[in-house]
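Have the model open beside you as you read.

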Amino acid sequence: MVMKKCRLAVFASGSGSNYEAIAEACRDGRIDAEVVLLVCDKPGAKVLERAQRFGTESFVFNPKDYESKAAYETLLVHMLEERKVDYICLAGYMRIVGPVLLGSFEQRIVNIHPSLLPSFKGAHAIQDAVDYGVKIFGVTTHFVDETLDGGRIIDQGAIVYEGNDIEELTNLIHKIEHNLYVKSINKLINKKF
Ligand code: GRF
């Protein structure tokens, strides 16, 4: 029996280094899946260049062009179902997912966040942790629910950092993210969770 390859969509708003880590792992067989769609809510974002390089179909939209979150999420659900997407991986997607998308992809939307959740939710997690005087930093992958950076945790990775170079720290955290996301997606598609 031929097993169907798992089909992923990645949602991103910015640079897309996590998208690239996922796409690369799919390409070289470390993840037995394919990225069939990149969804981006920021026209001009760097992730779009990366998607082009990997030959991933992109859908770019501006939320302001829609009357509501429900309106654009209805369109997204339609596109995702048309492409038979199994899982959605949020990778720097700077929006709260609404009930329309959550309802159609229950337990099939995951996110990566640059802190040891539930500490330091939100858009400035690394800076917030530094400001708090944290010494053990980390990364979390988790299922997505209707709350900001909420939902059940899948994996975590940690690093001890006592320096004061935020750029160096951010790069170290990104490296952990790229490996952790690959590991978590594998768990997900192999139903090891
Ligand atoms: C990552 O730090 C991720 O954890 C957070 O947003 C950032 C996205 O980075 N949710 P990139 O666009 O994947 O480089």
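A nonpolar core here is a set of buried Ala, Val, Leu, Ile, Met, Phe, Trp, Tyr and Cys residues joined through side-chain atoms within 4.5 Å. Buried, in turn, means under 20% relative accessible area. Please keep in mind that the model is predicted.

With that in hand, look for the largest nonpolar core, which has 42 residues. Y19, I22 and I31 are the members that touch the most others in it. Helix α6, spanning residues 166–189, supplies nine residues, the largest share of this core. Another core lies apart from it and holds 22 residues, including V36, Y72, V85 and L102. In general terms, nonpolar side chains in soluble globular proteins tend to be buried together.

Now zoom in on Y19. Setting aside neighbours within four places in sequence, Y19 is in contact with V10, V35, L38, V47, R50, A51, F54, T56 and A91.

Next, turn to strand β5, residues 109–113. Is β5 mostly covered or mostly uncovered? It is mostly covered, with five of its five residues buried. I109, N111 and H113 point one way from β5, while V110 and I112 point the other way.

β5 also has partners on either side of the pairing story. With strand β4 (residues 87–90), β5 pairs in the parallel sense over three bridges, and L90 stands opposite N111.

Notes. Residues are numbered from 1 along each chain as its sequence is written. This is a predicted model: local features need pLDDT of at least 70, side-chain atom pairs count only at pLDDT 80 or more; totals for chains, interfaces and linings use all residues. Side-chain values use heavy atoms; hydrogens and water are left out. Buried means under 20% relative accessible area, exposed over 50%, partly exposed in between (1.4 Å probe, protein chains only). Helices (H or I, at least four residues) and strands (E, at least two) are DSSP runs, numbered from the N terminus. Contact means heavy atoms within 4.5 Å. Two strands pair if DSSP finds at least two bridges between them.
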